Each structure stands twice: as structure tokens, then as C-alpha cells.
Amino acid sequence: MANQHIYSDYFDEDFVETLDRNILQLLDRVWFRSRLVGFDNFPQRNNPARPLLFASNHSGMAFPWDAIVALSHMWRRLPDLRNLPRPLSAPMLSQSVLMNPFLVKNFWKKSGCVDATTLNFETMMFYNDHNLMLYPEGVPGIGKGFNRKYKLQRLATSIVRLGIQHRTDIVPFYTINGEYLNPYTYSWEWVNRLSKKIGIPFIPMGPILLMVLLQPWFFYMAYPAKLTFVLGTRIKPYELTEKPLESLTRPDYEALAEQVRQRMQTELDAAVKEHGQHPYRWRELWQRMKENRRFFPFFLPWAWPALFQEFERQYVRNGRRDFDLDLRSPGAYWRMIWRNPFTLTFFIPVLGWIPIAIRGYRGHKLGK
């Protein structure tokens with residue numbers, strides 16, 4: 001009960017609505033073109049007193065646009081926001097401003113994320129205003145290289161343990177084409193160990209690394225993968241074992257988590273086969289860009305720094321709630337640059353990282 005402040009410390013529904021209306025709808029409509037498959041009858045709770053546990057695979061070696069797009073699409077789709085999952089996210093995403101998209105302060109927590117600690121997970125099981133969403137692969141899921149795409153890493157046992165304890169279902173859904181948000185990059189464990197000391201969970205080793213040095217905005221870059229989210233078959237973890245809760249051991253939970261992983265892997269493989277053969281659909285992308293040309297250049301990734309910086313200026317720094325960003329008038333992009341000169345640092349080769357790092361790590365203790 002003493003930890004229940006995590007429900008509302010940062011979460012701001014106005015922030016989510018304003019962000020979605022001003023930025024995410026456009027990016028999704030043109031760049032990501034996401035689809036929800038199988039969500040027509042949205043899963044309802046088997047235990048009304050406890051949230052459902054939505055679980056998905058992570059997109060390896062990519063900034064977590066997959067989670068942003070999935071939640072924003074559900075936000076627009078669901079008539080009852082009580083069904084909307086609140087995500088448990090890797091604490092590294094919130095430890096430094098750098099890991100927030102284009103340095104928007106407290107982006108993840110204002111959007112409803114809660115740090116994925118054992119205490120927070122257990123606390124959120126008593127939160128009935130929303131369901132929960134988590135990526136049970138954890139940081140290893142986003143740090144897996146392209147050679148392990150769509151291969152579920154070992155799942156955290158907590159999702160099984162709490163599902164059994166509270167008799168609530170796990171609802172898997174599968175993120176397809178997310179592996180192509182940043183393709184052909186690979187993971188080196190010794191590099192990742194070093195990067196974690198500066199608050200970055202992994203360093204993608206591949207062609208994009210040089211671009212990140214030359215153009216810092218590439219750190220948040222996503223290729224135009226058509227994201228598809230496929231609802232899986234719900235899993236009742238309390239029916240996977242006949243042992244009483246109090247007699248289950250750590251090895252028991254590990255075996256049950258592996259059983260859940262294998263079930264999810266089978267469904268993920270089938271979803272990839274059906275929806276993941278053409279990850280970009282270039283013709284559709286070009287058509288969407290033509291249809292939305294009046295919003296040029298804001299649906300293109302190189303314009304996102306100005307877009308997010310202007311959003312932060314108006315909402316976070318100036319405290320406005322009822323604004324609509326001007327994305328159509330001639331010169332709108334350059335006016336954003338004028339109002340937010342810090343945006344230029346995202347385009348300065350190598351040296352641009354100095355002011356970005358200063359702002360990104362302000363108040364953050366490295367190595368924590």
C-alpha cells in the first residue's frame with residue numbers, strides 16, 4: 001500500500017491524448033501504418049478484481065517504437081480506457097532523459113509506464129483502472145541481434161508467478177515487422193555491458209551506428225516497418241500446474257515460464273509466416289505519403305526532433321493542454337526550429353552529442 005503512489009506519480013491522460021493527437025496519429029498513419037489483428041472482441045478480465053497481463057515479444061535492437069505505436073493504436077480504438085494496458089517498462093528507459101524520445105522529459109512515465117521492478121509489478125496487480133502490459137523478455141529482448149529476430153528470449157518468471165497468485169490470465173499478442181525497425185544490427189554482450197553503465201541498454205552494432213555518430217537523431221530512428229499486432233490465445237497460468245501456490249519453487253516457476261515461452265513462440269512463428277513476409281510495403285508507404293503530403297515533412301524521421309521538441313516546449317515547459325501543432329502551413333518546420341534551437345544539435349556530426357549528453361544525463365548518476 002505504501003507503494004501505490006506509482007499509479008499517479010507521473011501518469012497524465014491529457015499528455016497521452018495531446019501527444020497522440022498532435023504526433024502519433026500522423027506517424028502511425030503514414031510511417032508505421034499499424035494494424036490490430038484479432039482485437040475486434042477485446043479481451044475482458046477473467047477475474048474482475050485483477051488486471052489482465054498483456055505480453056508481447058520485443059523488437060530487437062530498436063528504440064521501443066513498437067510499444068509506443070501499439071498503445072497509441074489501442075488508445076484510439078478502445079471505447080473503455082479501463083481496458084487499455086499500462087506498461088511495465090525497463091527502468092533504464094526512465095533513468096535518464098536521453099532514453100526519452102528526443103529528450104522529452106518524463107515521456108515514458110507521463111504516458112503511463114511504471115518501472116518494471118518486482119515491487120511495482122506486485123503493486124500494479126491491485127490496480128483496477130487499467131490492465132497491464134509487459135515485455136517479459138526484458139532488456140535481453142530489445143538487445144537481441146537481427147540474427148535472433150522473432151526468437152523469444154527467456155521469460156521473466158514473475159509474469160507466471162503473479163498470474164497464478166492472482167488467478168488472472170496472460171493475454172499474448174505478437175509484434176510483427178518490429179524487427180525491421182532497425183534491421184541488420186547485432187548484439188555484442190561486452191559492448192552492452194559497457195553501454196549499460198551510461199544508461200543505454202544496448203548499442204546496435206551495424207550500419208546505423210555510423211549514422212548515429214554523424215547524425216544524432218538516428219539514435220531514435222525507425223525504418224518504415226508496417227507494424228502488425230496479432231492477438232494470441234490467452235494463457236491461464238494457474239491451470240498449468242496442480243501444485244498449490246505455497247509449494248511452488250523457483251525451478252517450478254522457471255519450467256512454467258518456459259512452457260509459456262514455447263506456446264508464445266509457436267504462435268509468434270505462425271503470425272510471422274502470415275503477416276511478416278513483406279515488412280515495409282513500399283508502395284503503400286509511398287501512397288500514404290502522397291495522401292498526407294500537406295503534412296510534409298513531419299511524417300519523415302528527420303523532422304521528428306523538431307516535432308517532439310515543439311511538443312515538449314508547449315506541453316511540458318509551458319504547461320499548455322489544449323493546443324494543436326501547426327503542421328500544414330508553409331514554413332511550419334522552420335518555425336519549430338526557430339522556437340527550439342536545441343533541435344539543431346541532432347544534426348551536428350559527433351559534436352552534437354556533447355549538448356545532447358549534457359541535457360540527457362543532467363541529474364543522472366552514471367553506472368546506477
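Me: Which residues touch the most other members in the largest nonpolar core?
Reply: This is a predicted model. In its largest nonpolar core, those residues are I23, F32, W65, L98, F298 and F308. The core has 118 residues.

Me: Which helix gives the most to this core?
Reply: Helix α1, residues 13-32. It gives 10 residues.

Me: And where does the core lie relative to domain 1 and domain 2?
Reply: Between them, because both domain 1 (4-283) and domain 2 (294-361) give residues to it.

Me: Back to W65. What is it in contact with, leaving aside neighbours within four places in sequence?
Reply: W65 is in contact with L27, F32, F102, L181, Y220, M221, A222, L227, W304 and F308.

Me: OK, domains. How far apart are the C-alpha centres of domain 1 and domain 2?
Reply: They lie 26 Å apart.

Me: How many residues of each domain are in contact with the other?
Reply: 36 residues of domain 1 contact 34 residues of domain 2.

Me: New topic. At what angle do the axes of α7 and α10 cross?
Reply: At roughly 100°. The axes of α7 (residues 158-166) and α10 (residues 250-275) come within 8 Å. So α7 is roughly perpendicular to α10.

Me: Which residues make the contact?
Reply: From α7, V160, R161 and I164. From α10, Y253, L256, A257 and V260.

Me: How many of those are nonpolar, polar or charged?
Reply: Six residues of the α7 contact with α10 are nonpolar and one is charged. None is polar.

Terms used:
Residues are numbered from 1 along each chain as its sequence is written. This is a predicted model: local features need pLDDT of at least 70, side-chain atom pairs count only at pLDDT 80 or more; totals for chains, interfaces and linings use all residues. Side-chain values use heavy atoms; hydrogens and water are left out. Axes are lines fitted to C-alpha atoms, for helices over the stretch in contact, and angles run from 0 to 180 degrees between N-to-C directions. Helices (H or I, at least four residues) and strands (E, at least two) are DSSP runs, numbered from the N terminus. Angles under 35 degrees count as roughly parallel, over 145 as roughly antiparallel, 65 to 115 as roughly perpendicular and the rest as oblique. Contact means heavy atoms within 4.5 Å. Ala, Val, Leu, Ile, Met, Phe, Trp, Tyr, Cys and Pro count as nonpolar, Asp, Glu, Lys and Arg as charged, and the others, Gly among them, as polar. A nonpolar core is a set of buried Ala, Val, Leu, Ile, Met, Phe, Trp, Tyr and Cys residues joined through side-chain atoms within 4.5 Å. Buried means under 20% relative accessible area, exposed over 50%, partly exposed in between (1.4 Å probe, protein chains only). Domain bounds come from an automatic or database domain assignment.
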